[in-house]
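Let's take a walk through this protein chain, starting with the overall picture and then zooming in. Keep the 3D view open as you read.

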Amino acid sequence: EVYLFERLDSPNREPMKHLKAICFLRPTKENVELLVQELRRPKYSVYFIYFSNVISKSDVKALAEADEQEVVAEVQEFYGDYIAVNPHVFSLNLLGCCRGRSWDPAQLTRTTQGLTALLLSLKKCPMIRYQLSSEPAKRLAECVKQVITKEYELFDFRRTEVPPLLLILDRSDDAITPLLNQWTYQAMVHELLGINNNRIDLSRVPGISKDLREVVLSAENDEFYANNMYLNFAEIGTNIKNLMEDFQRRKPKEQQKLESIADMKAFVENYPQFKKMSGTVSKHVTVVGELSRLVAERNLLEVSEVEQELACQNDHSSALQSVRRLLQSPRVSELDAARLVMLYALRYERHGSSGLPALLEELRGRGGTDRYRKLVSAVVEYGGKRVRGSDLFSPKDAVAITKQFLKGLKGIENVYTQHQPLLQETLDQLIKGKLKDSQYPYLGPNTLRDRPQDIIVFLIGGATYEEALAVFNLNRSNPGVRIVLGGTTIHNTRR
């Protein structure tokens, strides 16, 4: 039960002929080459080789030829060529997958591999729909289809009554969502601190202790996180307080006398649980403490209110005034100032009396550089009106307009979370069978007659935790429908 972890490419590994080796690798050219070198001079007694995706016959042949000492016990494909982030969310950890409006060829190959591995691990052979306004979406749909056709034996799963559906979308259709501040726990942590493969870097926190410089947040083995990741920041404060109080109650009394053997036994039995709980408490108290510090320091409540106004309402002069006011405030960081100008530029791009030139001047005055100005025009070029296939801002039909009007009358329960990502509406339409074929065509002649039940949505250019929350809620409120969300990466504003 003791494991030694090594990288295949680390030099000077010492031979340990008494150990068996389990290799888990992506089937890349480099990895196959490294394995060939390894098998020519094996350091361990036997090798069990697992590839995270489909491997070509010629590569298997190369390995077989290198295995002169017959140390390979088995070679298997174990599809896991992606990162499972939440039970319903996955990422490929790819940053910058396109050059301009078209795929970087290496990234297209990698994305196709990640997506087909996902389908194989979920045992789904789907029908494919894609966003018509996006060339990359069409390319990816075709590449996935090619793999399914070529590896048809692998994709020969038991047919379900309603075939699963893969929907491929493009981030540029909604560039607003990744630019907004977040107020639910997981999304907020990623926005303000950054989550990288479930790890958070807290080394910049003032006075942080050594063992908390990097912490792991994973719903699999952290009950508090699992129960709170989708809750609002205000609720988390209360829950942290309860967690602390519960912890105080369970604390072993310092002066507790361990007199009998039974006392010692009880202490030793309870200690691991206590230790684990103390780790959880100190971790979340630190994380939530740092979030509150940043919210106060960067004046994020006020900033977020204006962001939401830009994203959800249509009142140009009031929005322009609010953005101007915040740009002049010394408490607003340069990143947040730039974010507001980006949102304004996306929202009022073609407005007759646009105040954008003045806002850009103001930005320049703050930072003394043109860096953020360039970023603002890049964001508009990436996700502006010319590019979008969807109508991001105005509600499509009478019902939606009425809803918005009523929402305005009632006053929104929470001004900080009124925004809903475009994805929510797209999926809502899809579940109801109302998503237009003219905007999201099927690849190939067949179409789905029934409402879909298994849906895999993939966002080229990255998903966000706000969208993960929307999918979580859709899964909860639509029994019988299972949605999985993936993206080339998971964004926050900095990314």
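Helices here are DSSP runs of H or I with at least four residues, strands are DSSP runs of E with at least two, and both are numbered from the N terminus. By that count, the chain has 16 helices and 16 strands. Bear in mind that this is a predicted model, where local features need pLDDT of at least 70, side-chain atom pairs count only at pLDDT 80 or more, and totals for chains, interfaces and linings use all residues. Residues are numbered from 1 along each chain as its sequence is written, and side-chain values use heavy atoms, with hydrogens and water left out.

First, the whole chain. Its C-alpha atoms fill a box of roughly 75 × 75 × 50 Å along the principal axes. Of the 495 residues, 46% are buried, where buried means under 20% relative accessible area, exposed means over 50%, and partly exposed is in between (1.4 Å probe, protein chains only). Now take contacts, meaning heavy atoms within 4.5 Å: among those with a separation of 6 or more, 78% link residues 24 or more positions apart.

Next, find the open sheet of 6 strands, which has mixed pairing and runs in the order β4-β5-β15-β13-β9-β8. Two strands pair if DSSP finds at least two bridges between them. At the edges stand β4 (83-86) and β8 (127-130); each has a single partner strand, so one side of each is left without a neighbour in the sheet. From one strand to the next, the twist averages 25°. Angles run from 0 to 180 degrees between N-to-C directions, using axes fitted to C-alpha atoms, for helices over the stretch in contact.

Within the sheet, β13 (residues 454-460) and β15 (residues 482-487) pair in the parallel sense over 6 bridges. One to look up is Asp454, whose bridge partner in β15 is Arg482. Helix α16 (residues 465-477) packs on the sheet and touches β4, β5 (89-91), β13 and β15, with its direction at about 170° to that of β15. Helix α15 (residues 422-431) lies across β8, β9 (165-170), β13 and β15, running at about 150° to β13.

Finally, two asparagines are worth a click. Asn197 has a positive phi of about 50° although it is not a glycine; look for Asn197 in the loop between β10 (195-196) and β11 (199-201). Asn299 also has a positive phi, near 55°, and sits in the loop between α8 (261-297) and α9 (300-312).
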